[in-house]
Each structure stands twice: as C-alpha cells, then as structure tokens.
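Hi there,

Here is the structure I promised to pass on to you. Have a look at it first, and then read my notes below.

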Amino acid sequence: MTTTTSDLWVRRYHPRPDAPVRLVCFPHAGSSAPYYVPVAAGAGPGVDVLSIQYPGRQERRPEPLVDDLDVLAEQCTEAILPWLDRPFALFGHSMGATVAFEVARRLTARSREPLHLFVSGRRAPSRLRDEHVHRRDDAGIIAEMKSLSGTDTRVFDDEDLVQMLLPIVRNDYKAAETYVYKDGEPLRCPVTAFTGHDDPKVSVEEADAWREHTTGPAVLHVYDGGHFFLTKHQAAVLAVISGSLTPAVV
C-alpha cells in the first residue's frame, strides 16, 4: 500500500511529529475517525495519535463497506505500515478493540510488535456470544443504538441522517458478530483492558479474559457506566494510556 493510499485511512487531528511514540486508534461499530479527536487532543505531547478511517463513511462514503473483520484488519495493517517509523501502540473501543487485536497479531507476525495493546468495551476474542443485531430490521438497529447511549439523541430526529447511518451500523455489527477467533500464538506485548461495570455487551469476566491473549503483563480497569463509559472517564483512561507509554519509550 502506498503512502497516498495509506492517507485514506489515517487521520491526525493534533499532529505531534516529534513525539517518541504513536498511538493508533480504531473506531467502534458505526463510528468514524473523528471519534478520537478528544484522544488526540488529550494524549499529551509525547504521543502522536493516529485515528483510522474505515471505508464507507464520511469522505470515504463512496467506497464499499467492509463486513468481514479479518479483511478489515488486514487492510488496516497495510495502511499503518508507513507510519510505524517509531515505537507504537494500538487502541480500540468495542469492535475497534477486536480490529486492534487482529492488527497486533498481524504486525507481530511481521516482527513489528506494538509496545502495548489497549482494548475498551469489548470481550476477549476467546469469549463468544451468539449475537445477531445485524439481522434486525431498521427499528431494531435503532433500538440497539439508543440502548447503548453512544449516539447523540438529536441524530434520531434527522431521518436522512438515520438512513445514512443505518447501513454503516448494520455492516459493522455484521463484521463484529460474525468474527470468529482463530487460535494462534498469543501476543507478547502488555495488554490493558478497560470496561464499564454495567456494559451489556461485555461482562467484567469477559473483559478480564483479555489476559489469556498475551504472555506479557495484563491489566483490567473497571469504571462505572455502560458501553460508552469512555465519555465520562476519558481523562482517567488517557492517564492510564499515557502513563503506560511514556516509561516504555524513555
């Protein structure tokens, strides 16, 4: 993948070209790169934040959506290779956590191991649930979005915007829900998981099971809140991430 093609995938909202470490962030289902603007702003001067823009949304809307998580992870891996000129870590929320994990596996296989994998609001890959939200009708998808409280409620008052979002959300849920973990060598890098105590999409035990996927240190941080606990606890999560990365590159 050329640098020009890679630029389709990567957004830098607060570039820090001299930062010693990069943090690559992967959005959740139905989301897009700007979700991580606050992370880019708050990560501190030592971290250059890259936010991934999946195909089929915003300025990439004309491109076909990708409903296979393994294919998406492979494409993301290729896209970020030109940016790995310094130590880097990966972060993902919900579906993005699984994408980040699969990217970490692919990069490790290429001897480009991340400093750290940060995963949020997602059960460990080895913990399966039989979910079929992507098969619901439009009303069912909208009900799911409302139940997780991750979408601005004003969106639901704009029918055109809802109709634009529904195919993206359905596509991403399909990618997440049809993903099948394939057994393989565990990661070696540290893994830090974050979860909301009342998240209906992941239990504390399912989040703690991320430790099974690395031979390195593994830590779980549990916060009050549901699936989008990050909204309330962004500063605390960023403090953990920055605190974990700064010593690693000194």
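**Aromatic rings**

F118, F194, Y223 and F229 form a cluster, joined to one another by ring pairs. Here, rings of Phe, Tyr and Trp (its six-membered ring) pair if their centres lie within 6.5 Å; planes under 30 degrees apart count as stacked, over 60 as edge-to-face and the rest as tilted. Please keep in mind that this is a predicted model, where local features need pLDDT of at least 70 and side-chain atom pairs count only at pLDDT 80 or more, while totals for chains, interfaces and linings use all residues. Residues are numbered from 1 along each chain as its sequence is written, and side-chain values use heavy atoms, with hydrogens and water left out.

By the pairing rule there are 7 aromatic pairs. One of them joins F101 and Y181: the ring centres are 6.3 Å apart and the planes are at 45°, so this pair is tilted. It links distant parts of the chain, with F101 in helix α4 (residues 95-109) and Y181 in the loop between α6 and β6 (191-196), 80 residues apart. Helices (H or I, at least four residues) and strands (E, at least two) are DSSP runs, numbered from the N terminus.

F101 also pairs with W210; their centres are 5.7 Å apart and their planes at 75°, so this pair is edge-to-face. W210 sits in the loop between α7 (204-208) and β7 (218-223), 109 residues from F101. For F101 the value is 2%.

**Pockets**

The largest pocket holds about 730 Å³ of space. A pocket, on a 1 Å grid over the protein atoms alone, is an open set of points where a 1.4 Å probe fits, with protein on both sides within 12 Å along at least five of seven lines; lining residues have an atom within 4 Å of a point. A volume is the space filled by probe spheres set on the points, which are joined across faces, edges and corners. Among the 34 residues lining the largest pocket, H28, A29, G30, S31 and T151 are the closest to its centre. Helix α6 gives the most to this lining, with 7 residues.

The second largest pocket has about 240 Å³ of space. Its lining has 14 residues, and Y35, P38, L230, T231 and Q234 lie nearest the centre. The largest share, 6 residues, comes from α8.

Enjoy exploring!

Key: Buried means under 20% relative accessible area, exposed over 50%, partly exposed in between (1.4 Å probe, protein chains only).
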